[in-house]
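Subject: A structure for you to explore

Hello,

I am passing a structure on to you, and I hope you enjoy looking through it. Please open it first and then read my notes alongside.

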Amino acid sequence: MTGNQFHLGIDVGGTFTDAVLICEETGRIDTAKVPSTPADPSIGFMAAVARVLDGSAVDPGAIAHLVHGTTVATNSLIEGKTPKTAFVTTKGFGDMLEIARQVRPSLYDVHFEKLRPLVPRDLCYEVPERLDAAGGVLRSLDEDAVREIAAALRAQEVRSVAVCLLHGYANPAHEERVAEILREEDPDLLISLSSGVCPEFREYFRASTCVINACIVPVVARYLAGIEEGLGRAGLDAELLVMQSNGGVLTAEQAASKPVFMVESGPAAGVVSANFIAGQLGHADLISFDMGGTTAKAGLVLDGRPRVTKEYEVGAQAQPGQGMTRAAGYPIRTPVIDLVEVGAGGGSLAWVDAGGGLRVGPWSAGADPGPICYGKGGTEPTITDANLVLGRLNPDYFLGGEMELDVDAAAAGIRERCAEPLGLDPVEAANGIIEIANATMINALRLVTVRRGNDPRELTMVAFGGAGPLHANRLCVEMQIPTLVVPPSPGTASALGLLVTDLRHEFSRTRVMAADVADASRIRSLFETMEEEGRRTLRREGVAPEDMEFRRGIEMRYAGQSSEVPVALPGEGADAGLDGEFAEATLADATLADAVRRFHGEHERAYGHGYPEQPVELVNFTVTAIGRIARPRLPKIDANGKGVSDARRGTRQVFFSDGNAAVDGNAGFVETAIYDRARLKAGHVVAGPAVIEEVDSTTLVHAGYRATVDEFGNLLIAPGRVP
Amino acid sequence: MPQPESRTVSSVDPVLFEVIRNALVEATEEMSVTLQRTAYSTNIKTRLDYSCAFVDADGRMIAQAFCQPAHLVTIGRLVPRAVAEYEAEHGEGTLGPGDGLLVNDPHRQASHLNDVFLIAPFFHGGELVGYVANCCHHVDVGGGAPASIGAFREIYQEGIILPVVKLFDGGELVGDVLKLMLANVRAKKEVAGDLRAQHAANEIGLRRLSALWERYGAKVLGSYMDRMVEYSERRLRAELAALPRGEFAAEGCLDDDGITGEPVRLKVRIRFDGSTARFDFTGTDPQRAAPMNCNLTQCFTACVYVLKCLVDPDIPLNEGFYRPIEVVAPEGSAVNVRPPAGVVGGWEVAMRLCDIMFRALADPMPERVPAGTKGMICHVGFGGEDPATGEYYCFLETLAGGYGGRHDADGPDAVQTHIQNTQNAPIEETELNYPVRIHEYSLVPDSEGAGRRRGGLALCREYEFVGHEPTFTTLADRARFPAHGLHGGDDGKVASYTLISGGEARNLGSKATVQLVTGDRVRIETAGGGGFGPAHERDPEAVLRDVREGKISRARAREAYGVAIRSGKWAVDLVETRRLRRSPGR
């Protein structure tokens, strides 16, 4: 091989581990897919590395940049495979985790179970001490009691401990002293402090975040150490970076100490990828739509930044028909890319309920047995079966022809389970399954757009995942989204996100104050403290000062509300991040006044009303420290030498429910052109109705739409006819 | 979606049915999110004590976003009545676009005064199509005690009564009505803010519905709404056909009525006949000149809730679900109150009705109903002059307790029960916003009803007030009559309400309003859940785990469960346990 440098991304999912390798100079992409190895995910990780390097004949030493996305943190929690962890809190509040939010996760189920606390009650310890809401000491820390706890932890063979003291967000002194004493007593103890992990108020949520961190610290640290060792043996000496839930990456060393920041590492990569793909085309506002085997996920990117949320529950599961409720999972208050996930994937089951209603999901046939048409023992019809019956999938070219699909079995299953009970024919029922699945996905899209005040007519959709491109065009029609982008190899597009993001660290502090009397110098020093922390971290990660960026934000609310709206502060950007050059102007009162003005606007956008005459409170102050990483270039494809007919495979009967596809304006089967995506060249235009097939996905183009192939090989689908 | 044979209109499309149904529910969910995010009081934002719904022009509840089961019925029942009353007074057709009706009168079948409803008519193409409405528990509506939950004889003492009045007229706020209302309440900022949030939620609902009507048209939607109502009714009747038939009775008592020490006796006879459910409360005590009465809407709510727990939770809630249900509640009784009696404890009554109804069904349906639960709302309210700001503040919260044991599982600890699912207020946020200090928030060990499946533990919350002299109220229950055990399980531990002043502890009882001095503490221990099945049949390892986790003492393990734990190590003493369990008559 030449002296080219390579970027390598490894995405460990529940079923498959994907590897993506990009050559920095040529932009060539190689991918590999191997089965995941849940018992020890590092085996699958190393297998994927070996496979992609072998396949591309790239020398391990040529890997300059290595990024990992993983669900190992979440899985260990959900499966209860975390080592013995303890919890230390203020006297009187040791039952914080047991009581949690004091609510039931479902309203009408008398057989409900409350969420099992991650730390059993006998490993929850109380220490006499007390702070007030301003951080003042009401009762000093009883250090002897802490030493007694240390002895108990040793006796119980606890390896990791979470410390969350009441009002610890306002003053970390007691928590830090507790850590010092515990460390004196047992230098090997892993300690997570709430003031370090998530210094925000509302004790149960902070404690939960801190406890999750403490539970997964040993697992993640060991896992990452194992991978680094394996990489060393394989001759890869690039620094290992890990994708976080917020879409940024951090070093393995950082990830090992604050693993709660990476619980949703995998799904985040998909949104980052969509953002990158759309960014290349100059689209900064978009919906990321990722439809796989079990679920569909919708995420929002505005102004080139994925939307993040701090209201997230780990392990929460959808509960149909239970109404709005919470407490189904363990809450965390670290930033997570905001995704709405619905039970509508290729494997989602279609069924007829007791009242004779046709339903789809949220249950899934998964990969095993999978849809009926896979012929692996599945007996219940799925979305994939319906797509097959409607002619949208090619039975002879699934996974590039690796798997043959059984159309007759799919049709028989749909007839028996759905069509006959409803008095429909199988095609009507199959179409119904797709329509209902689309309706579910539209609800998810509505959640991330109109419900949050964003007009879908101003957004671009990027659709990927094996099933995404089959449904996306129809969703865009319904949502009036003007442009749809389907990247090449939609089935592995998500892993690309690992290689197109930056180092990112989030800091926050709760200091509740009225906006009109806020002390700008106090706020400035809060920001500066957090930025200094960020700068130190980035420097340790080897980021040059000119590649550092700091973003300030304030989460505000109307005085008396208890839900905050984040507002970004101006004056950010690379200039603001230069060492020691903190312009005094970055938080002049004028800046604050401007931020408050924008808060009114944001509130109005999100909830329909702003109240400019009402007093505003500043609640949380946040800093995002970013260390920019160079993006690899993506490869370009050849321009059209011959006409698009060269890529045409022929035609087949495909069912369309939107009337304009058919000649007579009614729903029905239409003779539809089939194209081979591998043979489409830049500049080609495919007119709908059409089906575009490739190895890991199939794209459906509706009548009245056309798909244009751009220089990167993306399909750009928009209304219009071929000229 | 209708069965093929019941199709009367050939154009009924099962797919469109599902799409429209979801879209209507989604519109109310969107209202719900708006209301929660823009609300001012902890009550709504954190405790989620509100609901939003869409009711059609015929007064049928079509879609609702539920946060609290307590609101299962209220909006659907109140809206047609409120509109009819308003139009009877002002003439038919007097409601127009941009109007908003405000109402909270329990004697007009709202719930207690704190629950304030805002109703907005929805017009499409000049035609009235229906109403969006929401209901919020306001932290204060005036009356004799902060948070408006004190025990008084008459409704007039409980707070401001809003008959059906316009708060919005053609899109304009009726300032005089708001002014009158705010003049009567303590927490003016919160009440004003929450009313704004209620208005914003309705506006969002109207916007969403307009888009739907634009798209599908009134004719299609009208026909599908008919189908949705029929569908829910049909599914509920199909479920009723599978329930055991017969008449099942039970009764129980509330501690007292809040004014006299006399317990309030509640009685129910439930009859399932295969297609209807009849709930007959004949024999319940006459109403009291006191707060512990509920109105017919609240009584009906309890019945709908209980039935909903027994059938497929997936059946959509709308008018069709109410149709197979018949409620017989004698007028003037504690479950169908007449003016001018107090009603503020109405939800306390309705909550207990749920426990009693489940008790009635315990024998015919042993695997499907839990033992007695916390069985009360357990309101705690306080207010006074905040020493930091000089402003009047008001705070309300409700405390959880033990759930009842089930045939195959223990009752969960410290959880809200039945019609209530309000979240706790974070202590840090409470201390940041109000002049109160909370010293303890914990489980109460040994408070469970022992059983093969034990009841859940109660919880304890202790408050201290510094630098001012607030008024403190508890409106609760269960201090005398415990959560019942089932099938040989023991009753749960009763609740206690204690004032600690100047080093002396005083029992307040479950309903009290007291004036505190600085440094006073109030300690509340709620009720534990009842046990299910004989305690001596409990798996000794489960008892061991409870002892190890400190939920049950060693002494109690021995006395109540007949389980001996070895001293010095975490293991069951099998020989001693066998001996204890052999001995008769524990």
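Below is what was found in it, topic by topic. Please keep in mind that this is a predicted model.

Let's start with a pair of helices in chain A. Helix α1 (residues 41–56) of chain A and helix α7 (residues 203–233) of chain A have axes that come within 10 Å and cross at roughly 30°. Angles under 35 degrees count as roughly parallel, so α1(A) is roughly parallel to α7(A). Their crossing is right-handed. On the α1(A) side, the contact is made by Pro41(A), Ser42(A), Phe45(A) and Met46(A), while α7(A) brings Tyr223(A), Gly226(A), Ile227(A) and Gly230(A). Sorted by class, this contact of α1(A) with α7(A) has five nonpolar, three polar and no charged residues.

Next, have a look at where the two chains meet. Chain A puts 59 residues into the contact, and chain B puts in 71 residues. On the side of chain A that touches chain B, the elements giving two or more residues are α3 (96–99), α7 and α12 (426–448) of chain A. Of these, α12(A) gives the most, with six residues. That side of chain A has 22 nonpolar, 21 polar and 16 charged residues.

Now for the inside. The largest nonpolar core has 397 residues, and those touching the most other members are Val211(A), Ile433(A), Met461(A), Leu353(B) and Met357(B). Helix α5 (residues 188–242) of chain B gives the most to this core, with 17 residues. Another core, of twelve residues, lies apart from it and includes Ala450(B) and Tyr561(B). If you click on Met461(A), you can find its contacts, among them Leu286(A), Phe289(A) and Cys476(A).

Finally, some backbone details. The peptide bond from Gly688(A) to Pro689(A) is cis, with omega near 0°, and Pro689(A) is found in the loop between β31 (685–687) and β32 (690–694) of chain A. In chain B, the bond from Pro339(B) to Pro340(B) is cis too, with omega near 5°.

Arg202(A) is not a glycine, yet it has a positive phi of about 85°. Is Arg202(A) buried or exposed? Arg202(A) counts as buried because it has 20 C-beta neighbours inside 10 Å. Asp303(A), also not a glycine, has a positive phi of about 55°. Asp303(A) counts as exposed, with 7 C-beta neighbours inside 10 Å.

Happy exploring!

Methods
Residues numbered from 1 in each chain as written. Chains lettered and ligands numbered in written order. Predicted model: local features only at pLDDT ≥ 70, side-chain atom pairs only at ≥ 80, totals over all residues. Axes fitted to C-alpha atoms, helices over the stretch in contact; angles between N-to-C directions. Helix = DSSP H or I, 4+ residues; strand = E, 2+ residues; numbered from the N terminus. Parallel < 35°, antiparallel > 145°, perpendicular 65-115°, else oblique. Left-handed = near helix turned anticlockwise from the far one by under 90°. Contact = placed C-beta atoms within 7 Å. Nonpolar A, V, L, I, M, F, W, Y, C, P; charged D, E, K, R; others polar. Core = buried A, V, L, I, M, F, W, Y, C linked by C-beta atoms within 7 Å. Lists of a residue's contacts leave out its neighbours within four places in sequence.
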